[in-house]
Amino acid sequence: MGEDGYFQTKGTLSGPLTETLAGRFSAYRTRSDGDISNEHDGHTLNGGARQGFRGQLLYKPSERFNLRWIGDYNEEDSSAGTRVLYSTGPTINGVNRYENRAAAAGATLVDGRHRKVNLDDDQKVTVFQGGTSLEANWTLDNDFTLTSISSYRWWDFTPRNDDGLDVPATYNAGVSVQDKQYSQEFRLASPTGGFFDYVLGAYYWLQPGQQVLRLLRPPGRRVERHADRCAGQRQLGGQGAHQDRQLRPVRPGHLAPHPAPGLHRRDTRHLRREKRLGQPQRPGGRRCGQRGGGSGTPGTGRCV
């Protein structure tokens, strides 16, 4: 326990379940109230909660075979990273442009040096992530060891950022990211203790994902004029996708002779990598770069 409502707890259970099966389960939770006061609604920001768990099972029916499964999950709902206003920029000839424009929009600024903000919309981030893996090890009759590792992970990140003002200029801004990752690894290890030993293998990795840019803005001539120059648009943003693929030998693909002390192993590797980037899409489904219509600046071919 600590200041500003900070609290953290962890716990683990482990042990045998049967003669051939053992397990372990761990869970944790961390939370805090935050340390930044929002003058607009009286809420406290820059805090939140993170929690998750991790479990694994080990199945070992004999000395020549074992199977291990691992799974984990984590989630976060917080306002960590809340921005405070430390400076409004230079004042030239008695004019501060930021303060003047904020006042023209009807906003009331507060001094961030006192750990205060004045936000009229949500300031938060949510994260959901997890993964699982399965590892199998066989010791063959000739004492070679064959290993297979299959794994999967996913990550979902969604921010919701306010514009720093207490008037609805923009809201719900941020870049959401959804990623997935698949991998498969095979290894064959030679017996040890002889003149030399070696490990051969291959590793495949695939990571598809997408990013979504959001910048929402309510209607109203006054707010649109002082928010930015792209008046008349209620949602600005874009969407893109990517896919990354790798095929390569595993890290311990090596030959290690032992004829005398002081000799080191020799690694041999080959990597093939393929990466594809999807063309960003505007919220209306049009691709960035197409001229005319849709979200963004008309006729410029830009996605904003």
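**Legends to the close-up views**

**Figure 1. The whole chain and its surface.** The accessible surface of the chain comes to about 18,700 Å², and 53% of this area belongs to carbon and sulfur atoms. The model shown is predicted. It has 2 helices and 15 strands in the chain. The chain contains 304 residues, of which 28% count as buried. When contacts between residues at least 6 apart in sequence are taken, 62% of them join residues at least 24 apart.

**Figure 2. The largest nonpolar core.** This core consists of 6 residues. Three of them are Ala-102, Ala-105 and Ala-107, and the others are Leu-165, Val-167 and Ala-169. Leaving aside residues up to four places away in sequence, Ala-102 touches Ala-107, Leu-109 and Leu-165.

**Figure 3. Thr-126 and the residues it touches.** Thr-126 belongs to strand β8, which covers residues 124–139. Its relative accessible area is 17%, so Thr-126 counts as buried, the cut-off being under 20%. With residues up to four places away in sequence not counted, Thr-126 touches Glu-76 and Asp-77, and also Asp-156, Phe-157 and Thr-158.

Figure 4. Leu-17, Leu-57, Trp-69 and Leu-134 make a nonpolar surface patch of about 360 Å². One of these residues, Trp-69, lies in strand β6, which runs over residues 65–78.

Conventions. Residues numbered from 1 in each chain as written. Predicted model: local features only at pLDDT ≥ 70, side-chain atom pairs only at ≥ 80, totals over all residues. Heavy atoms only, no water. Core = buried A, V, L, I, M, F, W, Y, C linked by side-chain atoms within 4.5 Å. Buried < 20%, exposed > 50% of the residue type's maximum accessible area, 1.4 Å probe, protein only. Contact = heavy atoms within 4.5 Å. Helix = DSSP H or I, 4+ residues; strand = E, 2+ residues; numbered from the N terminus. Patch = residues over 30% accessible without salt bridge, like charges linked within 9 Å, V, L, I, M, F, W, Y side chains within 5 Å. Areas by Shrake-Rupley, 256 points an atom, 1.4 Å probe, with all protein chains shown as cover. Salt bridge = Lys/Arg side-chain N within 4 Å of Asp/Glu carboxyl O.
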